[in-house]
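Me: I'm new to reading protein structures. Could you walk me through one, feature by feature?

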Amino acid sequence: MNPRRRLLFVSSRYLFPTDSGGKIRTVNILRGMKGGAFEITLASPLPAHVRPGDAADVGSVCDRFVGWPEAARGALFRWARMRHLVSALPVAVATDGSKLGRRAIAREIEQSPDIIVVDFPHAAVLAPPPYPCSSVMFTHNVEAEIFGRHVEVARNPLKRAIWSNQANKMERYERELLPRYTSVVAVADRDREYFQRMYGVGNVSTIPTGVDLDYFTFREGAALEDREGGTVVFTGSMDWMANVDGVEYFMDAVWPAVSRVRRGARCVIVGRSPPRGLIESARARQLNWEFTGFVDDVRPFVHNAHVYIIPLRVGGGTRIKVYEAMAMGCPVVSTRIGVEGLPVENDRHFLEADSAEDMAAAVLSLLDDRERSTRLSLQARKYVEENMSARRASQVFEQICLRALQPENAARASGTTRELPGTIL
């Protein structure tokens, strides 16, 4: 029997609670790999205050955990991080730098793991290549593409200039970083093609987007007897600017048309840290909106809703929330960007709507036509069951790591010892 190989998994985020799409995807992958071909050491920041049950959660995804004190992020964090605008690195990357983290990971690398997996390009500031072993970069998006889309939708000239600056820095960072890994993992074929076409990275593999079907159980749509009512729901971290932009767009451009027809309709935004300005805007306009903030479990909110919306105008990678909503039986209305990279069909698994008028019409159609809503929900659940299990995604990821260990692949990357621009020491 071959001994299990040792895998060091580096994350710049503590993975619990799983309150963002990236965390959910990472946890599902690690949980599926636990007990398999690799003995997994997870290295990440450790918050000062952990929740009851965190030890069990961490133990479910790794054999060993290595942490360092997580930097406090107070009320002024969003402004304090702006000092990194002068860095050669993008602000989002520079913010994740930690001397304590680099030292902790350096000690682990001295123990000679067989392979290192870095979760998101941002985390490379904690363990910059080259490495003395095989390596895998786990990308969840094309980060430069997301930044570029922020440039496209920004209305304020100063914000547009800042996003343009950051997009250029992120493109340079990704272009110089990704080729230095034995293998790069993408979450969508379009991301893989982008890395190959724009960055010249040849060693890219795609994993499917998986969802835990036992956890996200199907339930037929909530009853809707009130012809004036209906509940629309969105789930997502509300400290992520792409989500904030999408919810603002839905509030300003889409909701007026919905509420004119259905005066009792309500919208529920489920996710941590909603901006105060957004909450106050809804209150000032007396909108029938609720912002829940962080919740331990999104399922009751989705099960009790009649339509699930994804009004994103900015984004990349794939949205796990799409498959979670489909698995739970809530019909989905989304922009093209909201389902980008996912092999789902309009009017079969979801309704696509890229203009405000089309999105309002799609939401109203699902509230009005419950037969159509049920048909969409059943077809979407069947598709997710047949194609998108979390276990399958973990198996593909494990095979990518095993291939990276093969001698002909292990020799491919880390061909230079040059530091990345602006790397935090």
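Below, we go through some helices, a few single residues and some backbone details.

Me: What should I know before starting?

Reply: This is a predicted model, so to speak of a local feature here takes pLDDT of at least 70, side-chain atom pairs count only at pLDDT 80 or more, and totals for chains, interfaces and linings use all residues. Residues are numbered from 1 along each chain as its sequence is written, and side-chain values use heavy atoms, with hydrogens and water left out.

Me: Which residues of helix H8 are buried?

Reply: First the words. Helices (H or I, at least four residues) and strands (E, at least two) are DSSP runs, numbered from the N terminus. Buried means under 20% relative accessible area, exposed means over 50%, and partly exposed is in between, with a 1.4 Å probe and protein chains only. In H8, residues 189-199, the buried ones are Asp191, Tyr194, Phe195 and Tyr199. Looking down the axis of H8, you find these buried residues within an arc of 95°, so they line one face of the helix. That arc is taken from the directions from the helix axis to the C-beta atoms.

Me: What do the buried residues of H8 pack against?

Reply: Contact means heavy atoms within 4.5 Å. The partners of H8's buried residues are helix H6 (143-153), helix H7 (157-177), strand E6 (183-186) and strand E7 (204-206). Just after H8 comes Gly200, with a positive phi of about 70°.

Me: How do I check the length of a helix, say H13?

Reply: The expected span is 1.5 Å times one less than the number of residues. H13 (residues 356-368) has 13 residues and reaches 18 Å from its first C-alpha to its last, close to the expected 18 Å. Its buried residues include Ala356, Met359, Val363 and Leu367. Among the elements covering them are strand E8 (231-235), helix H9 (241-261) and helix H14 (370-387).

Me: What about H14: how far apart are its end C-alpha atoms?

Reply: They are 26 Å apart, which agrees with the 26 Å that its 18 residues should span. The buried residues of H14 are Ser373, Leu376, Ser377, Ala380, Arg381, Tyr383 and Val384. Seen down the axis, they fall within an arc of 160°, so they line one face of H14.

Me: At what angle do H1 and H15 cross?

Reply: Each axis is a line fitted to C-alpha atoms, for helices over the stretch in contact, and angles run from 0 to 180 degrees between N-to-C directions. The axes of H1 (residues 21-33) and H15 (residues 390-404) come within 8 Å and cross at roughly 75°. Angles under 35 degrees count as roughly parallel, over 145 as roughly antiparallel, 65 to 115 as roughly perpendicular, and the rest as oblique. H1 and H15 are therefore roughly perpendicular to each other. Where they meet, H1 brings Asn28, Ile29, Gly32 and Met33, while H15 brings Ala390, Arg391, Ala393, Ser394, Phe397 and Glu398.

Me: Is Gly293 buried or exposed?

Reply: Gly293 counts as buried, at 12% relative accessibility. It is found in strand E10 (residues 289-293). Leaving out residues up to four places away in sequence, Gly293 touches Val270, Gly271, Arg272 and Pro274. Gly293 and Ser237 are 56 residues apart along the chain, with their C-alpha atoms separated by 8.8 Å.

Me: And where is Arg266?

Reply: Arg266 is in strand E9 (residues 266-270), and at 30% relative accessibility it counts as partly exposed. Its contacts beyond four places in sequence include Trp255, Asn288 and Glu290.

Me: Which peptide bonds are cis?

Reply: For a cis example, look at omega: it is near 0° for the bond from Phe16 to Pro17. Another cis bond runs from Pro129 to Pro130, with omega near 10°. Pro17 sits in the loop between strand E1 (5-11) and H1.

Me: What is the phi of Ser112?

Reply: It is near 60°, a positive value in a residue other than glycine. Ser112 is partly exposed, with a relative accessible area of 47%. Ser273 also has a positive phi, near 55°, and lies in the loop between E9 and helix H10 (276-284).
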